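Subject: Structure handover

Hello,

Here is the structure I promised to pass on. Please open it alongside this email.

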Amino acid sequence: MRVGHLNCGTFGPPFVGEIVCHVLLVETGDGLVLVDTGLGLDDYADPKGRMGPVRKLLRAQLGTEATALRQIEAMGHSAADVSHIVLTHLDFDHMGGLSDFPDATVHTTADEHAAAITSPDFLDKRRYRPAQWAHGPAWKIHGGRGDEWKDGLTGHEVLPGITLVPMPGHSRGHAAVAVDAGERGLLVHAGDAVFDASSYADVSPSGAPLTKVGMLRTFEKTVGRDRAAIKRNHVSLRHLNDTDGITVLPAHDKRILDALTAPS
Ligand SMILES: [Zn+2]
């Protein structure tokens, strides 16, 4: 399957540097599939209501041309061409674009759906933004661990060649999303299972050395739910990334997005 890499939202929190929202656009026999959405048009129209107070800390840089919808329209597609959206988790910066694709089937884990929507605990109530799913997405909820996948991990193959791999830690039901990109191998969108790419790799896909980004790691610890699980996820992601034919990509590390979108 052909896979494109989009940046669907840019943030500039103090001392961290530019943060991107890395979204995959997959062309399948059954229409377009998005892995995460980044921010959507409604987030830019109502930043306070849709993103809440954290938007000030993150310093969202507004610009609707960065939404997945506007980017795929610029390619000649329409919203109706997106048939499925597979989410790593339901934080606002990963699913704000759902309302731009109201007809798409939206895949998530049962644990993440529960954390955000049906049974949020005290912390979750402060975390997720109900306005972002007020339009009533067509959820497809995947319960349990799924089938054996790789390296002791399990997954749900939600569409042919696209697997939701539960990886809780950042949030209660977080998952990575593995996409079979044909000759490019397997792309593993790690979402927020890792922030600083140097936590799982020594070099970027372009071969450039990756140095540690301390502020990104501090941010990761601050917003994550389970630090022990996050550490285990980093080990799993390093193992995957070290495997021939597998490329791991975090949602927010600009260095990896730049390497994967650089002209070859
Ligand atoms: Zn995020």
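Predicted model: local features only at pLDDT ≥ 70, side-chain atom pairs only at ≥ 80, totals over all residues.

**Zinc site**

Which residues coordinate the zinc ion? The donors are Asp93 (OD), His94 (NE2), Asp192 (OD) and His252 (NE2), at 2.1 to 2.3 Å. Along the chain they follow the spacing D-H-x97-D-x59-H.

The geometry is irregular, with angles of 84 to 165° among the four donor atoms. A tetrahedral label is ruled out because it would need all angles between 85 and 135 degrees. For reference, the ideal angle for four tetrahedral donors is 109.5 degrees.

**His89**

His89 is buried, because its relative accessible area is 0%. Its side chain makes two polar contacts to list here. One is with the side chain of Thr88, at 2.9 Å. The other is with the side chain of Asp91, at 3.1 Å. Beyond four places in sequence, His89 is in contact with Asp36, His94, Met95, Glu112, His170, Ser171, His174 and Asp192. Two names on that contact list, His94 and Asp192, are also zinc donors.

**Gly96**

Is Gly96 buried or exposed? It is buried, at a relative accessible area of 0%. Gly96 and Gly38 are 58 residues apart in sequence, yet their C-alpha atoms are 6.0 Å apart. Gly96 touches Gly38, and also Thr37, Leu39, Gly40, Asp43, Arg50 and Gln132, leaving out residues up to four places away in sequence.

**Thr109**

Thr109 belongs to strand β6. It counts as buried because its relative accessibility is 6%. A polar atom of its side chain lies 3.0 Å from the backbone nitrogen of Glu112. Setting aside neighbours within four places, Thr109 is in contact with Ile141, His142, Leu164, Gly173 and Ala175.

**Strand β13**

Why is β13 described as largely enclosed by the rest of the structure? Because five of its five residues are buried. Ile246, Val248 and Pro250 point one way from the strand. Thr247 and Leu249 point the other way. Strand β12 (residues 186-191) runs parallel to β13, and five bridges join the two. In that pairing, Leu186 stands opposite Ile246.

**Salt bridges**

How many salt bridges does the structure hold? There are 13.

- Glu27 and Arg2: the side chains meet at 3.3 Å, N to O. Glu27 lies in strand β2 (residues 19-28) and Arg2 in strand β1 (residues 2-11), so the pair ties together parts 25 residues apart in sequence. Glu27 is partly exposed at 33% relative accessibility, while Arg2 is exposed at 60%.
- Asp124 and Arg172: the closest N and O atoms are 2.7 Å apart. Asp124 is in helix α7 (residues 122-127) and Arg172 in the loop between β10 (162-166) and β11 (175-180), so this bridge ties together parts 48 residues apart in sequence. Asp124 is buried, with a relative accessible area of 1%. Arg172 is partly exposed, at 31%.
- Arg217 and Asp196: the closest N and O atoms are 2.7 Å apart. Arg217 is in helix α8 (residues 214-223) and Asp196 in the loop between β12 and α8, 21 residues apart. Arg217 is partly exposed, with a relative accessible area of 24%. Asp196 is buried, at 0%.

Asp124 and Arg172 also belong to a network of salt bridges, together with Asp121 and Arg225.

Best wishes

Terms used
Residues numbered from 1 in each chain as written. Heavy atoms only, no water. Donors = N, O, S within 2.8 Å, 3.2 Å for Na, K, Ca; no water. Tetrahedral: all angles 85-135°; square planar, octahedral: opposite > 155°, others 65-115°. Buried < 20%, exposed > 50% of the residue type's maximum accessible area, 1.4 Å probe, protein only. Contact = heavy atoms within 4.5 Å. Helix = DSSP H or I, 4+ residues; strand = E, 2+ residues; numbered from the N terminus. Pairing = 2+ DSSP bridges. Polar contact = N/O pair within 3.5 Å; in protein donor to acceptor, adjacent residues only side chain to side chain. Salt bridge = Lys/Arg side-chain N within 4 Å of Asp/Glu carboxyl O.
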